[in-house]
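User: Hi! Could you take a close look at one part of this model for me, the strand pairing, and then work outwards from there to the surroundings? I'd like one connected account, please.

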Amino acid sequence: MTEARPGSVQLFTTCLVENLRPQVGLAVLDLLEGQGCAVSCPMGQTCCGQPAYNAGCLDDARAMARRTLSVLARSKDPVVIPSGSCADMIIHRYPEILKNDPIDAGAARELAGRTYELSQFLVGVLKVKEVGARSAGRITYHASCHLLRGLGEADSPLQLLATLSGAEMVPLKGAEECCGFGGLFAIKMSDISGAMLQRKLDHIRASDAQTVVACDTGCLLHLEGGLRRQGSAIRVLHLAEALVGT
Amino acid sequence: MTTARQEVLQRIRAALLTAVLPMPAEPALMAAPVGDTEDLVDVFRREAEAVGAVVHGPVSPSEAAACITRVLRAAGARRLLTWNPAEMGVAGLAEDLEREGFETLDPRLPVDPANRAKALLQLGEAEVGLTGASAGLADTGTLVLRSGPGRPRLACLLPPVHVALLPARLILPSLADFLSGAAQAAMDHANLVLISGPSRTGDIELTLMRGMHGPREVHIILLADSEP
Amino acid sequence: MKGTRVAFHSRVSLALKDVPLRSALDRATTRLQSMREIGLTSLADPDAVRDRARRLRASTLQRLDTHLEAFETAVVARGGQVHFARDAAEARRIVLELAASHNVRRVVKSKSMVSEEIGLNPALEEASVEVIESDLGEYIVQLAGETPSHIIAPAFHKTKEQIGLLLHEKLGIPLTVDPATMMAAARSRLRDVYLTADMGISGVNFGVSETGTLCIVTNEGNASLSTSAPRLHVALMGIERLVPTMADLSLVLPILIRSATGQKLSVYLDFITGPRRLVNGGDPDGPSELHVVLVDNGRSRVLGSELAEILYCIRCGACLNVCPVYREVGGHAYGSVYSGPIGAVLTPALHGAGVGSELADASTLCGACKDVCPVRIDIPRMLVRLRSNAVEHGELPLSFRLGLRLFRLAATWPWLFRAAARLGRIVTRALADQNYFRRLPGPLSGWTAQRDLRGFAPKPFSTLLAERRRKRP
């Protein structure tokens, strides 16, 4: 893997960003193009298949993986994804679930080798030191599980947030604890999910932050869903949105 | 007809044909701890105190008896559940104990249940258990005791206070040092027990308390080999 | 199995409403987590230790039959007796027969998860054998007529007020909230038990196959006493709990104990090899007979499956302490002997046939358990495997199955995906309030009971992208 700044990258938007939080996609474009990358968004993207995998529907997950592979294999450009869980799915789970497939096993490994979560890419590959954006107020960071434990990225998002001028980072108690989303878990085990969410929201409120940032749209859905229901004015932003000074 | 033994072993062999047992690569050799210039006795004392034991000495052979007597008295001993003094490495200990008026209970448990029960109840009256030790482990402040003729297991367990005589030269750096040579000792003794401080529990709201079943006080008297 | 799923949800619901339980859980898991972290600081390279420990478990299991035979030979060579038990019923039978043939009226027990697993205590009691737990936490739980809620700290779901009341009711001591007083009362009662018990039953943390040694880890000294005072010692051991050599223990003991309580070593480490020796005049005390019961009860089947890795477990409890689900509901909600992340895999693995399969769903796959496991067991992977087994057995509710199948279709045909998204936008415009749903029907009502749900954006990203590209080509 070369450390040279690549000229072109592919954006895998993710189904949640595409349909629910498209502003995240625009923010990612601003960030990457601002660093001099040419960003292509390959046609025909849908979903990485993680919900099916998590539910144990491995055949469905494989079908969706093959689809995504075909979309992202047209070009050899690195793939950047504004979601820790989708990136983890492609990097770690695709080679695993396709390992017995004579045709796609190799393609899965090849794709995994050039796929990055957004903060991973900005810090690890582009070596971004400065995003040049302004923000205001107190920001706290919730560490999404797949980014933190699946991809081992603890610091990159924090490093990037620290470069925002005008914003004050405040610590979040239990930042590394799961918010309780877990995809279908939030529906199948909604009472436990709600209890986990409440704990997280209590910590967020106690942090005195005005904005909470995370790198996974699933977490964001969950956090904002709870905060909004409880009448809170705390903003819930994706890392990309925060880094462009939203 | 297959026995349970045969069947379990057969099942295991069959299972191993399809077992998925992931294994990571051998990690790099861990750096051996930098040769500690710190004296083993000092490390032992610090670690034993950290787990709540009281460490005395090292005492020379001529001071040993007096020190032992002092510690026993301070612990309120009248009746002792003790190893055979000949097993504890202090010359003349038996005579000293007798002269000082400590009553030594017979630790031998009869095999028949009725007499055994009676004997146990009597042993339960001892205020102090007195033992030797076959080794110490410095980095955890641990005593190693081996059961055997003249070395009752209950001496370090039943009484509320345990006094252990440990020759300082028997202190090893760590558990790993002990275990690497322990196979024969394990096979030769019905019980080896490693004791690191007084008995403790945290089972009530994680409040740490001493003396749950085993002793609430552990005194370790380090024995030097020679006069200073 | 629908019945067990409903029961599980009902236990969860009860637990979530139990305020004292939840605050006890909070306190205890936080404490144990931080103790573990402090404990690991005294290891030069904890990750290397974990990798080595994992390799040891894997390589031992790879030759489990050989190690078991060697272990048996070694135990017998030192005068012990070994019994194999294919299942729980057989294990119970073996212990009951030993009790009957040795005129055992009273048993003192030190902690043994296997004994819980096989349902030993009720069986002994039914045979008129009195069984008393010696570990303080287990004793408290026994007095309360409950089961342990945590592998390491069985009674930590109880407050000291609850324990004081319990001891007042069961032991007749004056009502107190002072833990030291409670401990003294329990200690005094249990001393009587040690001194009068006919048989001691213990678990085994590790069996050592080269020497036939049983290694038992405690802080209280209750295993030492339970296995030294009575005339009989029966040790229950899962067949997977072996290490090949005494030296191997120096790898697993430090990481087990630090992961469990943060200590460098437990107060007592017992190495028991055979019964009381008779040579040279004989040992003054110790049991005259030692019986080791090797329990399979599904382990050999697990060994042959994709879940074999769960057998690496050394029962430290660290996964329970970090699990965000366990922290909310506690051990009893799991409804099985083994709870928390380890239980969510072990219970269905050991029992098969859909027992406990709902437990695999009680996880967000957050991976905190895998992060702390001293032998790096990949519990999330196995939870997905269990979920996939459930799907194959047709256990996924129809609505989910249908929903996922539709989702798969949409994901494989982009035009369908876009059409579905268009539908989503229409539904959002129709039903959402300022782009957020406040109430949704069916399975989604669980979400909206406590949370709003963001709806579909008026324009998807691909449309906004096209517009942007038109403006700045």
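Analyst: Happy to! Two strands count as paired if DSSP finds at least two bridges between them. Please keep in mind that this is a predicted model.

Let's begin with chain A. An open sheet there has four strands in the order β6-β5-β7-β8, with parallel pairing. Its edges are β6 (165-169) and β8 (235-238) of chain A, each of which pairs on one side only. From one strand to the next, the twist averages 35°. At the β8 end, strand β7 (residues 211-214) of chain A joins β8(A) in the parallel sense over four bridges.

Strand β9 (residues 191-195) of chain B and strand β9 (residues 268-272) of chain C are joined by five bridges and run antiparallel. Here B:N191 stands opposite C:I272. Looking at the contacts between these two chains as a whole, 89 residues of chain C touch 72 residues of chain B. The side of chain C that faces chain B has 38 nonpolar, 24 polar and 27 charged residues. Two pairs of chains are in contact, and chains B and C share the most contacts.

The other contact is between chains A and C, where 52 residues of chain A meet 52 residues of chain C. Several helices give two or more residues to the chain A side, among them α2 (22-34), α4 (58-72), α11 (190-206) and α12 (217-229) of chain A. Of these, α12(A) gives the most, with seven residues. By class, that side of chain A has 25 nonpolar, 16 polar and eleven charged residues. Chains A and B have no contact with each other, and their closest C-alpha atoms lie 13 Å apart.

Among the contacts in chain C with a separation of 6 or more, 73% join residues 24 or more positions apart. The chain is divided into domain 1 (1-41 + 318-395), domain 2 (45-297) and domain 3 (398-471). The centres of domain 2 and domain 3 of chain C, taken over C-alpha atoms, are 55 Å apart.

A helix pair in chain C is worth a look as well. Two packed helices are described by the angle between their axes and the distance between the axes. For helix α2 (residues 19-40) and helix α12 (residues 246-261) of chain C, the angle is about 145° and the axes are 6 Å apart. The contact brings C:M35, C:R36, C:G39 and C:L40 of α2(C) to C:R258, C:S259 and C:T261 of α12(C). By class, it has two nonpolar, three polar and two charged residues.

Finally, a few backbone details for your checks. In chain B, the peptide bond from B:G57 to B:P58 is cis, with omega near 15°, and B:P58 is found in strand β1 (residues 54-59). In chain C, C:S128 is not a glycine but has a positive phi, near 60°. C:S128 is found in the loop between α7 (120-126) and β3 (130-133) of chain C, and it counts as exposed because it has 9 C-beta neighbours inside 10 Å. C:N435, also a residue other than glycine, has a positive phi of about 75°. The loop that holds C:N435 runs between α20 (414-431) and β11 (436-437) of chain C. With 14 C-beta neighbours inside 10 Å, C:N435 counts as partly exposed.

How values were computed. Residues are numbered from 1 along each chain as its sequence is written. Chains are lettered from A and ligands numbered from 1 in the order in which they are written. This is a predicted model: local features need pLDDT of at least 70, side-chain atom pairs count only at pLDDT 80 or more; totals for chains, interfaces and linings use all residues. Two residues are in contact if their C-beta atoms, placed from the backbone, lie within 7 Å. Domain bounds come from an automatic or database domain assignment. Axes are lines fitted to C-alpha atoms, for helices over the stretch in contact, and angles run from 0 to 180 degrees between N-to-C directions. Ala, Val, Leu, Ile, Met, Phe, Trp, Tyr, Cys and Pro count as nonpolar, Asp, Glu, Lys and Arg as charged, and the others, Gly among them, as polar. A residue is buried if 20 or more other C-beta atoms lie within 10 Å of its own, exposed if 12 or fewer, and partly exposed in between; C-beta atoms are placed from the backbone.
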